[in-house]
Amino acid sequence: HCITENDIMNLRDVELFTILAETCNLSQAARRLGMSAMSVSRHLAQLEKDLGARLFQRTTRAVSLTSEGEEFLPYARTMMEAEQGARIMFSEDAGGATGHLRITAPSGIGRRYILPLLPELMERNPKMKIDLNLSDDVVDIVGQGYDVAIRVAPLRDSNLIAHRLSSNPRVLCASPAYLSRHGIPTTLAELTNHQCLRTAMVSQWTFVKDENLFSHLFEPRFICNNVEGVRSMCKAGAGLAQLTKADIHPELATGELVEITLSDAESHMLAIWALFPTKRYLPCRVTVFLDALKSSLKRLMS
């Protein structure tokens, strides 16, 4: 059954569905809603009738989502968030954004640009809770229930909505001490004479050559699974690294690291992106976070 905008359903039944999806327990959901388990079952049956699809598998002990239920869950959450947003919009005492904001971001971006924002953001929005996952792995934001993912890698999942927050070029860099000992490379060919450091996630360095992407393969002297490790080794004079501007902007500003420009290749331009599940409505908690992050990136990377 394809759910269309012509389907008519009761929002209270939709709320019941989302709570039951969280608890997977009829009695627990009934207690949260102040209803009897029998009444919960009756409302669920009405919602399934409205949609023409079975949303839960029921046993004597528990309930679990069917594939149709899993497909409907993000839509149900969006409907409840839209209703909440409408109520807040016309409330005299809005009190800022509310609800549970779940964010996933790369560890480097998270520590440098997101964590410093959160104390003030939480103070301005006392009814908002934040769950931040810092990981350099690509997380399934739909499957794991995240509101927003911050990423710097090229986008691969066309099922997500993407919003560009800031430009973020790759930068070839080294410490002044390393360059004074080993010299400054000026061409791609000269990179083979240098000690190279890289993250485990990126198997080669990428440049733009003759308006096309060019991959420089090399045998690394040092590999680390996160940006902080590579940046630390680069600052200590262990070799060259290619990181993004967001990763090393403070070090470039203080002179701890120096950008290296090659005569036969240009920087590869990346961006910092916000990704969220495909939906028309963004909860207020997501928009206030993105506005704060975008302003911070503009200020810190200008």
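A: A polar contact, as the term is used here, is a pair of N or O atoms within 3.5 Å, where, within protein, one atom must be able to donate a hydrogen and the other to accept it. In this predicted model, the side chain of Thr104 makes such a polar contact with the side chain of Asn133, at 3.1 Å. Thr104 belongs to strand S3, which covers residues 99-105, and because its relative accessible area is 5%, under the 20% cut-off, Thr104 counts as buried.

Elsewhere, Val288 sits in helix H10, residues 284-300. With neighbours within four places in sequence again left aside, Val288 is in contact with Ala97, Leu121, Asn125 and Met128; of these, Ala97 is 191 residues away from Val288 in sequence, although the two C-alpha atoms are 7.4 Å apart in space.

A further place to look is an open sheet of three strands, in the order S10-S9-S14 and with antiparallel pairing. Its edge strands, each pairing on one side only, are S10 (212-216) and S14 (266-267). Strand S9, residues 205-209, pairs with S10 in the antiparallel sense over five bridges, and Ser215 in S10 is the bridge partner of Thr206.

Key:
Residues numbered from 1 in each chain as written. Predicted model: local features only at pLDDT ≥ 70, side-chain atom pairs only at ≥ 80, totals over all residues. Heavy atoms only, no water. Helix = DSSP H or I, 4+ residues; strand = E, 2+ residues; numbered from the N terminus. Contact = heavy atoms within 4.5 Å. Buried < 20%, exposed > 50% of the residue type's maximum accessible area, 1.4 Å probe, protein only. Pairing = 2+ DSSP bridges.
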